[in-house]
Amino acid sequence: MFFLLRVAFWLTIVLALLPSGSSQPGVQTKVAATDAMVAAGAAVSDMSSFCDRQPEACVVGAQTAIAIGQRAQAGARMVYEFINQRVVQGENQAENQGQTGSVPERKAEAARDETVPLPHKDPRR
């Protein structure tokens with residue numbers, strides 16, 4: 001649970017430091033780097049004692065994290081099986097059609113059977 005809080009905190013910091021991309025000037029605030037670090041340290045220490053103050057919230061948060069993790073794992077498994085099934089179907093179709101995947105077989109045979117005359121200079125010219 002603490003890991004999720006830490007990730008959320010640092011993600012917020014990163015998003016806050018990214019440029020906004022708007023053409024309007026934002027509100028100019030003057031915060032020193034040391035003040036920001038002190039505030040971040042206080043927030044981290046406050047989060048570390050959150051489970052002591054709110055044990056029920058930590059239990060519910062842990063259960064939610066487990067449920068989300070299981071859903072993510074099931075979703076990843078579905079995507080893996082879908083991709084694997086498509087790859088196997090593609091291989092089976094290529095084997096059934098007798099193609100290598102780059103050049104269809106009938107075009108390769110036609111090109112092999114044709115004789116192409118070599119260019120030469122006409123002595124009359």
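A disulfide is a pair of cysteine sulfur atoms within 2.5 Å. In general terms, a disulfide is a covalent bond between the sulfur atoms of two cysteines. The structure shown above is a predicted model, and a search through the whole of it finds one disulfide.

That disulfide is formed by Cys51 and Cys58, whose sulfur atoms lie 1.9 Å apart. The separation of 1.9 Å thus falls within the cut-off of 2.5 Å. The torsion about the S-S bond of Cys51 and Cys58 is about -95 degrees, and the disulfide is therefore left-handed. The two partners may also be described by their accessibility. Cys58 has a relative accessible area of 9% and is buried, whereas Cys51, at 32% relative accessibility, counts as partly exposed. The reasoning rests on two limits: a residue is buried under 20% and exposed over 50%, with partly exposed in between.

The chain as a whole may now be considered. It has five helices and zero strands, so that the elements, read from the N terminus, run α-α-α-α-α. Of its 125 residues, 4% count as buried. The chain exposes about 11500 Å², and carbon and sulfur atoms supply 60% of this area.

Helix H1 covers residues 2-17, and Leu11 has its place there. Leu11 also belongs to a nonpolar patch on the surface, together with Val14, Leu15 and Leu18. The accessible area of these four residues together is about 380 Å².

Aromatic side chains supply a further feature. A pair of aromatic rings is described by the distance of the centres and the angle of the planes. The structure holds one aromatic pair. The rings of Phe9 and Trp10 have centres 5.0 Å apart and planes at 75 degrees, so this pair is edge-to-face; the term applies because the angle is over 60 degrees. Phe9 counts as buried, at 14% relative accessibility, while Trp10 is partly exposed, with a relative accessible area of 46%.

Charged side chains complete the account. The count of salt bridges comes to one. In this salt bridge the side chains of Asp46 and Arg53 meet, with a distance of 3.0 Å from N to O. Asp46 is partly exposed, its relative accessible area being 38%. Arg53 is likewise partly exposed, with a relative accessible area of 45%.

Key: Residues are numbered from 1 along each chain as its sequence is written. This is a predicted model: local features need pLDDT of at least 70, side-chain atom pairs count only at pLDDT 80 or more; totals for chains, interfaces and linings use all residues. Side-chain values use heavy atoms; hydrogens and water are left out. Helices (H or I, at least four residues) and strands (E, at least two) are DSSP runs, numbered from the N terminus. Buried means under 20% relative accessible area, exposed over 50%, partly exposed in between (1.4 Å probe, protein chains only). Accessible areas come from the Shrake-Rupley method with a 1.4 Å probe; for residues, only the protein chains shown count as cover. Rings of Phe, Tyr and Trp (its six-membered ring) pair if their centres lie within 6.5 Å; planes under 30 degrees apart count as stacked, over 60 as edge-to-face and the rest as tilted. Patches are made of residues with over 30% relative accessible area and no salt bridge: like charges are joined within 9 Å, nonpolar side chains (Val, Leu, Ile, Met, Phe, Trp, Tyr) within 5 Å.
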